[in-house]
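Subject: Structure handover and what was found in it

Dear colleague,

I am passing on the structure below, and after it you will find notes on what turned up when I went through it. Please read them with the model open beside you.

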Amino acid sequence: TNVGWNNNLLGVIVPGAATPTGVFLLRQYMLTIPDELLDAARIDGATALQRLWHITIPLLHSSLIFLAVVGTIKSMETFAEVFVMTDNGGPLHSTRTIVYNVQQTAFASHKMGYGAAMTFVLFLIILIWASRYTKVGPNEVLVISGRKHRGRDLDGRVITRGFRMVQGGGTFVWPVIEKVDVLSLELLTLDVKTPEVYTKLG
């Protein structure tokens, strides 16, 4: 209460935003970015902002999607911050989360049936949301179709395609409107032995 976060939106936002999980994960992913790509961009005259926008962020795409999925699930489960820092989800119930509403309905209002139903619906939402994060290995490609996506061809022109591809990472696939297929990039070597096959020349 000494910092003025009691019954205030900052009391809900700041503790969640200050978590080191996202910073740690992004730092570990950034360490895997090859230095050769950044050095080549510097030689070509790319500024720091251009290197960030065209190299770093695209290579961090899968980790950013993962953090978005996990952060959304965590925000749905927020209870302690609202219960401790606010007065009944104040001000004007603007900080009442789903889990806080479940607690108030089931235990404060003694409507256990409604609380159980709300919990089950929340479980289904989280299950569907988490299950749509699809990840593949470094030698596989995700082909996601169903929605139009803007991209660039080999000449740098902006084009619109009915699919998008993600290689060696993960992404969120929207339920119902998007379909995902996995394409392997591994080369297969077939050793064919034909000891009894004869050509025209014998």
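Arg 42 and Asp 39 both belong to helix H3 (residues 35–43), where three residues, about one turn of the helix, separate them; helices here are DSSP runs of H or I with at least four residues, strands are DSSP runs of E with at least two, and both are numbered from the N terminus. These two side chains form a salt bridge in which the closest N and O atoms are 2.7 Å apart, the term meaning that a side-chain nitrogen of Lys or Arg lies within 4 Å of a carboxyl oxygen of Asp or Glu. Arg 42 is partly exposed, with a relative accessible area of 43%, and Asp 39 is partly exposed as well, at 39%. For these words, buried means under 20% relative accessible area, exposed means over 50%, and partly exposed is what lies in between, computed with a 1.4 Å probe on protein chains only.

Before going further, please keep in mind that this is a predicted model, in which local features need pLDDT of at least 70 and side-chain atom pairs count only at pLDDT 80 or more, while totals for chains, interfaces and linings use all residues. Residues are numbered from 1 along each chain as its sequence is written, and side-chain values use heavy atoms, with hydrogens and water left out.

The aromatic rings come next. A pair of aromatic rings is described by the distance of the centres and the angle of the planes. Rings of Phe, Tyr and Trp (its six-membered ring) pair if their centres lie within 6.5 Å, and planes under 30 degrees apart count as stacked, over 60 as edge-to-face and the rest as tilted. By this rule the count comes to six aromatic pairs. In one of them, the rings of Trp 129 and Trp 174 have centres 6.1 Å apart and planes at 80 degrees, so the pair is edge-to-face. Because Trp 129 lies in helix H8 (residues 112–131) and Trp 174 in the loop between strand E4 (170–172) and strand E5 (179–184), the pair ties together parts that are 45 residues apart in sequence. Trp 129 counts as partly exposed at 22% relative accessibility, and Trp 174 counts as partly exposed at 37%. Trp 174 also forms an edge-to-face pair with Phe 172, at 5.0 Å centre to centre and 90 degrees between the planes, and Phe 172 counts as buried at 7% relative accessibility. Elsewhere, ring pairs link Phe 79, Phe 83 and Tyr 100 into a cluster.

Finally, please look at two backbone angles. Val 176, in the loop between E4 and E5, has a positive phi of about 75 degrees although it is not a glycine, and at 85% relative accessibility Val 176 counts as exposed. His 110, found in the loop between helix H7 (98–108) and H8, has a phi near 60 degrees, a positive value in a residue other than glycine, and His 110 counts as exposed at 65% relative accessibility.
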